[in-house]
Every structure is written in structure tokens, then in C-alpha cells.
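Good morning, and thank you for coming.

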Amino acid sequence: MRIFLAGATGVIGSRLLPRLLEDGHDVTAMTRSGERAERLRAAGAVAVVADALDEQAVRAAVEAAAAEAVIHQLTALPKRIDPRRIERDFALNDRLRDEGTRILAAAAGAVGARLIAQSVAFMYEPGPPGTIHDEDDPLLLEPPPSFARTAAAVKSLERTVLAAGGTVLRYGYFYGPGSGVAADGSFAADLRRRRMPVVGRGQGVWSFIHVDDAAAATVSALTAGSGAVYNVVDDDPARVSEWLPALAEAVGAPRPMRVPTFVARLAAGEYGAATMTMSQGASNARARRELGWAPAHRSWREGFRTALG
Ligand SMILES: NC(=O)c1ccc[n+]([C@@H]2O[C@H](COP(=O)([O-])OP(=O)(O)OC[C@H]3O[C@@H](n4cnc5c(N)ncnc54)[C@H](OP(=O)(O)O)[C@@H]3O)[C@@H](O)[C@H]2O)c1
């Protein structure tokens, strides 16, 4: 297949590109950097230097690639998100999800390419405690003001992709090489400095996905399951009170402290406290069924020990 990969140098893009090339696809890979373009060429891709928000440049690049599939792995987040400054930290990311997605979808439409885009499996409207969300559950209905633009951008991305007949992959929290949850990632650094405690009773539930499993699901989506939304998560949604101490152990950090929720709100803001206490997990049943995909790392319990990178 001729594939246009936006975000080829990112956390997922860099795991995905070698797989696509190994499978014999012709890949045109986009970056903003001439130096990274050289590395993409050396890896075997056709590299294009363009900004994802430059509509004409993206259109021309997708047309020149005569793409049969366009894969959207564009994100722009700092290596460490400051939960008290999410409006600042998510600003460019939100633009990429909103405008960037519209630009890519139009370019894909112009050449009749299949569209696959990255979304998140951790923006569901909270249900009763213990809810594990499937894809039909609503996304956040009334996000707090500081998160409203970000929630709107995720919804906009998904709407745009589905309107184009494309596939939305709602990835869980990444772990593994290049991500924040890696041996050299920001979570490990914060745990080592005892700056990441279990908040409240650690009752927030996270669904993780290893970066290679996210890449594998994306490969599956090239030939299966168009026009739908899929949670791409492992089989083992888990409470913060379980996975955070396990992550600390895996990276050789001291056991995390516990702090009351009101203290976390003061230190990490409403968003920071909510991710630790109110998150809920997601189910991968539909992706397993319709994409013919299954995570190689079925649980973070094994993945944290063997594949953090
Ligand atoms: N589900 C999750 O848990 C999740 C999802 C996303 C990110 N994260 C985390 O966030 C942290 C930072 O990741 P990141 O957001 O920097 O993503 P990244 O995955 O490291 O890279 C972003 C990709 O988007 C491209 N890009 C960004 N803005 C662009 C633009 N204007 N035009 C063209 N290409 C553009 C970058 O290309 P160039 O820079 O080469 O131009 C790069 O390929 C990581 O720790 C990651 O784990 C987590």
C-alpha cells in the first residue's frame, strides 16, 4: 500500500514506520525537521518536510504520495505535562486534533485514501464506579472549563474522521520506549523524586497500551474495520493503587507515598487529582473482534517488568 504517515517521528510513529516498511508498504513520512527527514530517508521512507497546519503543503504532499492510506499520529505534548497548566500544555495538540485533522481528512479525501487517526481511550463521561467503557459510551459531557477546549478537540477529531469514513483508534495510556511511562520517562523521574503519590485511595482506573501494541493495532486497521471507533487498550484496566507501586518497583523508585485528594488538588490542580481518582478503564473487545488484533502485552503487570524500554 502507499501510505502517508503524519507524525512519523513520534512515540507511535517511530514504532509504526519500521513495521510498515517491513511489511513492504511504500511510506511517505512527514516531519517539520530537515534533520529528522534525513533519518526517515535512511530508514527507507520518502520524507516530506511540512507543517501539519499548512493546508496547501499537506494537500500537495498527500497527492504526491498518491496515498491509499493516511495515518494520523500527530500530537504535540510536552514530555512532562504540568497538570496545573493544561490549557497551555495542550494548546498545539488541540489545534492538531481540530484543524490538523480537518486538513489531513480533506487531503485523504482528495486522493480517495483510507484515514486512520489517533484518539484517546481516557475521555469517557464517567459512569458508576467500576465502569469499563466500550466505544458506544459518551465522551465527557461537561468537561471542567480548563479542559473544555481539549475535550472539544478530541470530539472534533473523531467527528471529522468518522465523517470521512475513517477509523478512530482510541489508544489507552502509552507505556514503553519513548513514552512518558518508560524507564527514562517523566513518570519514572517523578517517582524517583517521590513526586508522584497515590492520591486518595488510588481508586482511579487506567487502561494502558504498550506502544508496540498500539502500532500493531494501527497496522491491523489498514485492512480491517473501517468507519468505526476502537479502544486500543490492554486486557487489564487497573487502579492507580495497583499500577503506580508496580511501576515504581519496575523503575527502581521508592514506593509511592499516599496523599489525600485535597492535597493533590492543591499541588496538581483539579485535572491532576481527577486523573488519579476519577479515571475509568476501557474494553478492547471490539478491536479484538473487528480488527483481528490482540495485544502482545496483555497486561501492564508483565509489560512494566519486561518492556518499559
Ligand atoms: N495515549 C497516550 O498516552 C499519549 C498520546 C500522545 C502523547 N502521549 C505522550 O506525550 C508525550 C509527548 O509526545 P508528543 O505529543 O511530543 O508526541 P510524539 O509522539 O513524540 O511526536 C509527535 C509527532 O507529531 C509530529 N508533529 C507535531 N506537530 C507537528 C506539526 N505542526 N506538523 C507536522 N508534524 C507535527 C511530530 O513530528 P516532528 O516533530 O518530527 O515534526 C511527531 O512525529 C510522550 O510522553 C507521549 O507518551 C501519550
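Let me start with strand 7, where five of the five residues are buried, so that the strand is mostly covered. Buried here means under 20% relative accessible area, exposed means over 50%, and partly exposed lies in between, with a 1.4 Å probe and protein chains only as cover. Strands (E, at least two residues) and helices (H or I, at least four) are DSSP runs, numbered from the N terminus.

A word on the source: this is a predicted model, in which local features need pLDDT of at least 70 and side-chain atom pairs count only at pLDDT 80 or more, while totals for chains, interfaces and linings use all residues. Residues are numbered from 1 along each chain as its sequence is written, and side-chain values use heavy atoms, leaving out hydrogens and water.

Which residues of strand 7 point which way? Thr167, Leu169 and Tyr171 point to one side, Val168 and Arg170 point to the other, and all of them are buried.

Strand 7 has partners that can be named. Two strands are said to pair if DSSP finds at least two bridges between them. Strand 5 (residues 114–120) runs parallel to strand 7, with five bridges joining them, and serine 119 stands opposite arginine 170. Strand 12 also runs parallel to strand 7 (residues 167–171), with four bridges between the two. There, asparagine 231 is the bridge partner of arginine 170. Strand 12 (residues 229–232) is covered on both faces: Val229 and Asn231 are buried on one side, and Tyr230 and Val232 are buried on the other.

I turn now to salt bridges. Side chains of opposite charge can pair when their charged atoms come close. The rule asks for a side-chain nitrogen of Lys or Arg within 4 Å of a carboxyl oxygen of Asp or Glu. How many salt bridges does this rule give? The count comes to 19.

One of them joins arginine 15 and aspartate 212, at 2.8 Å from N to O. Because arginine 15 lies in helix 1 (residues 13–22) and aspartate 212 in helix 8 (residues 211–221), this pair ties together parts that are 197 residues apart in sequence. Arginine 15 is partly exposed, at 27% relative accessibility.

Arginine 85 and aspartate 82 also meet in a salt bridge, at 3.5 Å from N to O. Arginine 85 has a relative accessible area of 41% and is partly exposed; aspartate 82, at 25%, is partly exposed as well.

Finally, let us consider the surface patches. A patch is made of residues with over 30% relative accessible area and no salt bridge, where like charges are joined within 9 Å and nonpolar side chains (Val, Leu, Ile, Met, Phe, Trp, Tyr) within 5 Å. Accessible areas come from the Shrake-Rupley method with a 1.4 Å probe, and for residues only the protein chains shown count as cover.

Which residues form the nonpolar patch? They are Phe262, Val263 and Leu266, which together have about 310 Å² of accessible area. Phenylalanine 262 belongs to helix 10 (residues 261–277) and is exposed, with a relative accessible area of 54%.

A patch of positive charge on the surface gathers Arg201, Arg239, Arg255 and Arg258. The place of a charge is taken as NZ of Lys, CZ of Arg, CG of Asp or CD of Glu. Arginine 239 is found in strand 13 (residues 238–239) and counts as partly exposed, at 31% relative accessibility.

Note on methods: Lys and Arg count as positive and Asp and Glu as negative; His and the chain ends are not counted.
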